[in-house]
Amino acid sequence: MYTEITDGEELQGVFALSDEQPVMLFLYDPFCPVNARAMQQVDELNQQVYVVDVAQRHSLGTEIQLATGVQHESPQLIILRKGAPAWHASHGRITAPDVRSALAQSA
């Protein structure tokens, strides 16, 4: 289940939601071939994922980097907990087993 984040207000809502539960934030560039493999791994999780198309919404990628302190890469998956990054990975390091483990540790 994907929900696309299109503006700063929606992004702030995702950060607020992370006060209640771990939240997955996926940054992707649809023009990058590596994104397809990462998206396949995220699909396997069958969970709610908030996505940001950083090719179209570069300013949101910058906002996320400033808010989390995590250097922007794409594709990138960040698990937010209480407004902060509890875990993050990019490119080939985004695997369904690793994300499941990180979600369990962030709960």
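**Figure 1. Glutamate 4 is partly exposed, with a relative accessible area of 36%.** Here, buried means under 20% relative accessible area, exposed over 50%, and partly exposed in between (1.4 Å probe, protein chains only). This is a predicted model, where local features need pLDDT of at least 70 and side-chain atom pairs count only at pLDDT 80 or more, while totals for chains, interfaces and linings use all residues. Residues are numbered from 1 along each chain as its sequence is written, and side-chain values use heavy atoms, leaving out hydrogens and water.

**Figure 2. Here is the one salt bridge in the structure.** Glutamate 4 pairs up with arginine 57, their closest N and O atoms sitting 3.3 Å apart. Glutamate 4 belongs to strand S1 (residues 2–4) and arginine 57 to the loop between strand S3 (49–53) and helix H3 (58–68), so the pair ties together parts 53 residues apart in sequence. To count as a salt bridge, a side-chain nitrogen of Lys or Arg must be within 4 Å of a carboxyl oxygen of Asp or Glu. Side chains of opposite charge can pair when their charged atoms come close. Helices (H or I, at least four residues) and strands (E, at least two) are DSSP runs, numbered from the N terminus.

**Figure 3. Five strands make up an open sheet, in the order S1-S3-S2-S4-S5 with mixed pairing.** S1 and S5 are the edge strands, each with a single partner, so one side of each has no neighbour in the sheet. From one strand to the next the twist averages 25°. H3 packs on the sheet and touches S2, S3, S4 and S5, with its direction at about 135° to that of S2. H4 packs there too, touching S2, S4 and S5, and its direction makes about 15° with that of S4. Axes are lines fitted to C-alpha atoms (for helices, over the stretch in contact), and angles run from 0 to 180 degrees between N-to-C directions.

**Figure 4. S4 is largely enclosed by the rest of the structure, since six of its six residues are buried.** Gln76, Ile78 and Leu80 point one way, Leu77, Ile79 and Arg81 the other, and all are buried. In a regular strand, side chains alternate between the two faces of the sheet. S4 runs antiparallel to S2, joined by five bridges, and phenylalanine 26 stands opposite leucine 77. S4 and S5 pair in the antiparallel sense over six bridges, with arginine 81 opposite alanine 84. Strands count as paired if DSSP finds at least two bridges between them. In the S4 and S5 hairpin, two residues lie between the strands, and lysine 82 takes a positive phi near 55°.

**Figure 5. Helix H4 (residues 96–106) has buried residues on one side: Ala96, Val99, Ala102, Leu103 and Ser106.** They span an arc of only 125° around the axis, which puts them on the same side of H4; the arc is taken from the directions from the helix axis to the C-beta atoms. Pro97, Ala104 and Gln105 are exposed on the other side. The buried set packs against S2 (23–28), H2 (34–43), S4 (76–81) and S5 (84–90), contact meaning heavy atoms within 4.5 Å.

**Figure 6. Asparagine 35 sits in helix H2.** Its 6% relative accessibility makes asparagine 35 count as buried. Setting aside neighbours within four places in sequence, asparagine 35 contacts Leu27, Tyr28, Asp29, Ser74 and Pro75.
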